[in-house]
Amino acid sequence: LAVGRISRDPSLDLGHRLDYVILQEECETPRALVRFVDFGKLSSAFIGPLNPGFCEVAAHLGENWNKAIFSWMCINYKLNSIIHHNAFARTLPSPTQILLTIMKYFKWAHVGIIASSDDIWMYTAKESATALRNHGLPVGIVTTVHKGEKGIEDTWNKIKEVNNIKIILLCMHSVLIGGQEQAALLTKALEMGLADGRYIFVPYDTLLYSLPYQNNSFSVFDNDSKLREAYDAVLTITLESGERTFYDAFREAKESGEIIRDLETTQVSPLFGTIYDAIYFMAMALDSARRKGVRASGANIAEHTKNFSFPGFSHQVETDSCGKGLNNYVILDTDGHGNQLFPTHLLDMSSGSVLPLGQAIHFPNEIPPKPDSSCWFDPDVLCTEG
């Protein structure tokens, strides 16, 4: 869809015919890396990798091959260095930056991270912990969910042993788009009395796409009162929808005959929109480099991602003068009873500020977790005595 629209876009002058090849990424990180080495001959630029575990090595390889790498999934803070990684560009703001801004606003510093046992999520958890610790924040535990009910119980018992945790980052597929593991994890937390407001659960994967929340009900809550009650302790952070949601944009593409697969909108992950935007992002960079008269090398394409503004799949995509994404995010919350999510706060990426939207967060038992000392968020102050 993206490549077809790019080829018909009169505002883009790429000087090349754009085509794509889908490179299957192995699930296990070492094998994925070995496979990636072979991809060097197959394409001129890359959208990916999907596994944060080998992003830095992939960025080095891209530099060596002189091919740009565009990724929304890479977390490693070292990749922000243009000197060391000049062929790498982010198509979305760094997930760590979003988390940090929100944690600072609510003064919740102590973090626990739970990952699914899939390689991609284990490395997401590990890289997230490293990035947060690099900012001086206390990550008390990083653990993976063990299989079965007993395994899930053991995971929560481990979390309980760690003092002061306020936020629990869930690195796995969101229950809102079919993540069974997250559903089991949250339900067990409720049964063990851990969804009482002492912790705020934050799904990681909704940071990577625009979850359709306007006028949308989530049927996963309809026949599951336990999950509905447990989700009251969850704050969902996602890309702000534009005037139309992901589902609206997908429906329009189907009606225009651009998407011919017979799929209902709810059968498609909103990550579709993120991938679409990443491909268009790359085309915009190629166009920008060509207009400035520079050769389309990896470093030049990655360098020309500044001051963008273009219509993405369901919302406007913008970057600042440094090439950082300016997509706004929203914090979504349920009322503890229904099957809808409501925006409570807006994260304005241009100013890095969090703005209340007039709807208060509904905390379980109506009490938010106690704030941590603001010293955790001051880079010039050393926190002592907790």
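This is a predicted model: local features need pLDDT of at least 70, side-chain atom pairs count only at pLDDT 80 or more; totals for chains, interfaces and linings use all residues.
Local features were taken at pLDDT of at least 70 and side-chain atom pairs only at pLDDT 80 or more, whereas totals for chains, interfaces and linings use all residues. Residues are numbered from 1 along each chain as its sequence is written, and side-chain values rest on heavy atoms, with hydrogens and water left out.

Two disulfides were found in a search of the whole structure, a disulfide being a pair of cysteine sulfur atoms within 2.5 Å. One of them links Cys55 and Cys74, with the sulfur atoms 2.0 Å apart. This link is left-handed, with -80° about the S-S bond. Cys55 belongs to helix α3 (residues 55-65) and Cys74 to the loop between β2 (68-71) and β3 (88-90), so the pair ties together parts that are 19 residues apart in sequence. Helices (H or I, at least four residues) and strands (E, at least two) are DSSP runs, numbered from the N terminus. Cys55 and Cys74 are both buried, where buried denotes under 20% relative accessible area, exposed over 50%, and partly exposed the range in between (1.4 Å probe, protein chains only).

The other disulfide joins Cys375 to Cys383, at an S to S distance of 1.9 Å. The link of Cys375 and Cys383 is right-handed, with 125° about the S-S bond, and each of these two cysteines is buried. With bonded cysteines counted along the chain, the disulfides follow the pattern 1-2, 3-4. For Cys171, the closest cysteine sulfur is that of Cys55, at 14 Å, too far for a bond. Cys171 counts as buried because its relative accessibility is 0%. Cys322 is likewise in no disulfide, the nearest cysteine sulfur, in Cys74, being 20 Å away. Cys322 counts as exposed because its relative accessibility is 51%.

Helix α6 (residues 148-160) and helix α7 (residues 180-191) have axes that come within 10 Å and cross at roughly 65°. Axes are lines fitted to C-alpha atoms, for helices over the stretch in contact, and angles run from 0 to 180 degrees between N-to-C directions. The crossing of α6 and α7 is right-handed; a crossing has this hand if the near helix is turned clockwise from the far one by less than a right angle, and is left-handed if anticlockwise. Glu149, Ile152, Glu153 and Trp156 of α6 make the contact with Ala184, Leu185, Lys188, Ala189 and Glu191 of α7, contact meaning heavy atoms within 4.5 Å. Of the residues in the contact of α6 with α7, five are nonpolar, none is polar and four are charged. In this division Ala, Val, Leu, Ile, Met, Phe, Trp, Tyr, Cys and Pro count as nonpolar, Asp, Glu, Lys and Arg as charged, and the others, Gly among them, as polar.

Strand β4 (residues 111-115) is largely enclosed by the rest of the structure, because five of its five residues are buried. In a regular strand the side chains alternate between the two faces of the sheet. Both faces of β4 are covered, with Val111, Ile113 and Ala115 buried on one side and Gly112 and Ile114 buried on the other. Strand β5 (residues 139-144) runs parallel to β4 and is joined to it by five bridges; strands pair if DSSP finds at least two bridges between them. Opposite Gly112 stands Ile141 of β5.

An open sheet of four strands has the order β8-β11-β12-β13, with antiparallel pairing. β8 (236-239) and β13 (353-356) stand at the edges with a single partner strand each, so one side of each is left without a neighbour in the sheet. On average, neighbouring strands of this sheet are turned by 30° against each other, direction ignored. Four bridges pair strand β12 (residues 342-348) with β13 in the antiparallel sense, and Leu346 has Leu355 of β13 as its bridge partner. Helix α4 (residues 95-106) packs on the sheet, where it touches β8, β11 (329-333), β12 and β13, and its direction makes about 110° with that of β12.

Glu240 is placed in the loop between β8 and α9 (246-255) and, at 29% relative accessibility, counts as partly exposed. Not counting residues up to four places away in sequence, Glu240 touches Ser210, Tyr213, His315, Asn328, Tyr329, Val330 and Leu346. Ile260 is placed in the loop between α9 and α10 (271-291) and is exposed, with a relative accessible area of 77%. The C-alpha atoms of Ile260 and Ser353, 93 residues apart along the chain, are separated by 41 Å.
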